[in-house]
Amino acid sequence: MKTKRQGQSKLFVVLATLLAIVFFSFAGETDVKAAETYTQNYTPTRKSPLKKIEYINRGDNTFDINVTVDLSVYYPNDVLGIHDYDITAWTNGTSGKEYVALIGGEIDVGKYVHTHQIRSEHLKHVKPGEKFWIRYELYKNLQLEEYGPYCDFEARELTAPTIKEPEQTENLFSKVNRYTWSVKSSNGKEYSEINAEMEATKAPGQGESLWAYNKDDGMIYGRSFTNKIKALVYRDLESKEIDITGVKTGMVLVIAKDAASAKTAGDAITLKDSDRVRFDQAAYTKSVAAKGYKFQMGSDRYDQLIGYIDASSYSYATAHIVEVYNYSTKNGEGSLFKRYVIKGSNNYQRSFKLTGLKPGTAKHYTVHLIRADSSGTEYEYIDNQYWTLKSASFKTPSVSGVKFAPKKAKLIINVPSTQAGKGLSTMHVYKGNKKIKTIKSNGKTRITFVYSGSKASTSSYKVKAVCAKNTKITKTSKAKKPVASKYKRQGWINPNINAITPYATATFVPWEMSYYNGKVTVTGYVVNNRIFKLKTYKVKVGVGVDNKIYASTTKTYKNVKDSTIKKVKFSFKSKKALDFVNNSPTWSVRTLKSVW
């Protein structure tokens with residue numbers, strides 16, 4: 001039977017439930033604040049199965065200790081018959097070995113991991129930075145000091161962490177950078193809120209926050225993860241009023257992990273009267289802030305939007321800076337989109353352009369106006385609205401046609417201007433259900449071509465437009481048949497011959513004209529303004545479009561009665577197909593001979 005050291009007394013204790021513990025994954029010395037726990041991790045071995053040592057700061061410059069071991073290193077053979085454990089901990093004092101703990105008891109080796117507390121069992125308490133040793137041993141019978149299959153246990157040398165004294169809390173307030181005046185609404189009633197943006201002398205670290213705490217009312221006014229923090233200092237909403245402006249306040253800025261710690265830290269700060277923060281009166285903020293602006297939009301293409309902002313104002317102070325923020329109807333105001341510096345410029349208008357949009361894309365924005373006073377403090381104004389800019393929808397084109405011949409028709413595609421830009425849309429032209437032409441948008445809103453084919457003049461045509469940005473978006477026009485190429489002057493010819501041509505003269509007045517199948521037909525009036533019969537009247541008539549004559553003929557009329565308006569009709573050939581519907585009809589009349 002193997003035995004342990006002779007004559008050493010053993011203490012048997014009942015282990016208590018562990019308290020909540022904060023863990024760290026690294027070993028070695030560190031600073032531990034009061035009431036905190038520090039953990040050192042180890043790799044368990046057969047000689048020393050220590051897995052973790054926890055040091056709990058007692059607040060009297062000593063530690064309580066939790067010892068965690070992992071018995072899996074002894075499995076399966078070295079735990080056979082084991083019933084007891086023994087912990088021996090000591091330091092080397094001036095008079096030799098000084099015991100920290102001599103504890104032992106029964107152990108369930110069916111569990112791998114066990115934690116033992118060294119509390120009241122301490123013979124002495126380990127001090128910060130002190131070296132000490134722990135030996136952990138397993139027995140079949142501790143009272144008889146009978147080891148099990150394994151007995152080559154060794155002590156592990158440890159060093160307790162140092163204790164960092166808590167730092168004295170200081171007020172980190174530096175200055176007020178900006179006042180933000182926001183107009184809001186509740187139950188249809190507008191009210192104002194003013195937030196003060198304060199700057200701290202330093203930023204919080206990882207796991208910490210900057211807190212704005214008012215010692216006067218014991219309330220937390222704001223939280224931030226940077227060195228700048230906003231605090232609500234004014235609200236005029238009925239029953240929820242706040243106003244700490246215009247008077248000295250006990251506002252302090254502290255860094256803490258949570259609100260409770262922030263209040264404790266804030267209450268520990270002693271403020272002199274000169275340290276108390278005085279926020280600008282709400283009336284002053286409202287008088288300095290800029291309020292007036294205009295926000296408009298324009299779009300000549302469905303894939304683009306242009307926003308226009310005019311910061312000029314005749315009723316209020318002019319903004320020095322205009323900020324435009326993204327806005328979501330679901331989540332509210334988002335990130336900064338554009339920032340314009342107006343101060344120092346005579347141009348108060350700014351614009352921005354969005355490209356690559358799909359038809360009907362809506363973008364929402366809010367506007368902030370910022371103006372600084374002579375001290376450099378900024379005053380920001382935010383109204384209670386957002387602006388929506390929406391790109392044009394994909395619209396339906398139209399098609400029309402003019403008959404030129406039985407097998408020929410002129411077709412006109414009218415493309416909506418917002419999708420006429422190059423590459424924005426594709427038009428498929430159909431005669432009935434048969435596609436006869438595909439046209440890419442090219443910047444023109446009116447695209448014409450002449451179609452030749454069977455029954456061209458009597459068939460129906462339609463156009464299907466496809467969005468280039470999303471081919472699933474299509475629009476199809478109504479089917480249309482070509483119309484006759486003809487023109488007729490409005491009203492009736494004046495029965496007063498003197499109003500048509502001077503006395504003792506004759507003339508020809510064209511009134512209707514048409515074109516079909518290479519022939520122009522003209523209907524008009526021969527006017528004889530004389531009391532004698534017009535024996536011979538010879539006239540040259542020309543017809544065209546858009547101020548250009550393309551075809552002409554000479555006509556002779558005999559024996560036109562005196563003081564008469566005679567209706568005549570004649571046809572002649574034209575090499576050019578003439579469209580009197582979509583172009584401006586043009587004619588010319590030249591009298592060649594008049595004989596009475």
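Student: Where is Thr-249 found?

Tutor: This is a predicted model, and in it Thr-249 is found in strand β18, residues 248-249.

Student: Is Thr-249 buried or exposed?

Tutor: The cut-off for buried is under 20% relative accessible area. Thr-249 has 2% relative accessibility, so it counts as buried.

Student: Which residues does Thr-249 touch, leaving out those up to four places away in sequence?

Tutor: Asn-214, Asp-216, Ile-244, Arg-276, Val-277 and Phe-279. Take Phe-279 next. With the same exclusion of residues up to four places away, Phe-279 touches Val-176, Tyr-179, Ala-196, Met-198, Val-233, Ile-244, Thr-245, Gly-246, Val-247, Thr-249 and Met-251.

Student: How do I read a nonpolar core, and which members touch the most others in the largest one?

Tutor: The general idea is that in soluble globular proteins, nonpolar side chains tend to be buried together. Here the largest nonpolar core has 44 residues, and Met-198, Phe-279, Phe-295 and Val-322 touch the most other members. Another core, of 35 residues, lies apart from it; Ile-53, Ala-89, Ile-103 and Tyr-150 are among its members.

Student: Now a strand residue. Where is Val-69, and is Val-69 buried or exposed?

Tutor: Val-69 sits in strand β4, residues 63-70. The relative accessible area of Val-69 is 0%, so this residue is buried. Leaving aside neighbours within four places in sequence, Val-69 is in contact with Pro-49, Leu-50, Lys-51, Tyr-112, Val-113, His-114, His-116 and Tyr-136.

Student: How many residues separate Val-69 and Phe-337 in sequence, and how far apart are they in space?

Tutor: They are 268 residues apart in sequence and 57 Å apart in space, C-alpha to C-alpha.

Student: How should I read the two faces of a strand? Take β31 and tell me which residues point which way.

Tutor: List the side chains by direction, then check the burial on each side. From β31, Ser-425, Met-427, Val-429 and Lys-431 point one way, while Thr-426, His-428 and Tyr-430 point the other way. All of these are buried.

Student: Which strands pair with β31, and in which sense?

Tutor: β31 pairs with strand β34 (residues 461-467) in the antiparallel sense over 7 bridges. Within that pairing, Lys-431 stands opposite Tyr-461 in β34. β31 also pairs with strand β32 (residues 434-440), again antiparallel, over 6 bridges. There, Thr-426 stands opposite Lys-440 in β32.

Student: Last topic: charge pairs. How many salt bridges are there?

Tutor: The general idea is that side chains of opposite charge can pair when their charged atoms come close. With a cut-off of 4 Å from nitrogen to carboxyl oxygen, the count comes to 22 salt bridges. One of them joins the side chains of Lys-47 and Glu-154 at 3.5 Å, N to O. Lys-47 lies in the loop between β2 (37-41) and β3 (50-57), and Glu-154 in the loop between β9 (146-147) and β10 (155-159), so the pair ties together parts that are 107 residues apart in sequence.

Student: How accessible are the two partners, Lys-47 and Glu-154?

Tutor: Lys-47 is partly exposed, at a relative accessible area of 33%. Glu-154 is also partly exposed, at 39%.

Student: Which other salt bridge can I look at, and are its partners buried or partly exposed?

Tutor: The side chains of Arg-301 and Asp-303 meet in a salt bridge at 2.9 Å, N to O. Arg-301 is partly exposed at 22%, whereas Asp-303 is buried at 5%. As for networks, salt bridges that share partners join Lys-47, Asp-152 and Glu-154 into one.

How values were computed
Residues are numbered from 1 along each chain as its sequence is written. This is a predicted model: local features need pLDDT of at least 70, side-chain atom pairs count only at pLDDT 80 or more; totals for chains, interfaces and linings use all residues. Side-chain values use heavy atoms; hydrogens and water are left out. A nonpolar core is a set of buried Ala, Val, Leu, Ile, Met, Phe, Trp, Tyr and Cys residues joined through side-chain atoms within 4.5 Å. Buried means under 20% relative accessible area, exposed over 50%, partly exposed in between (1.4 Å probe, protein chains only). Contact means heavy atoms within 4.5 Å. Helices (H or I, at least four residues) and strands (E, at least two) are DSSP runs, numbered from the N terminus. Two strands pair if DSSP finds at least two bridges between them.
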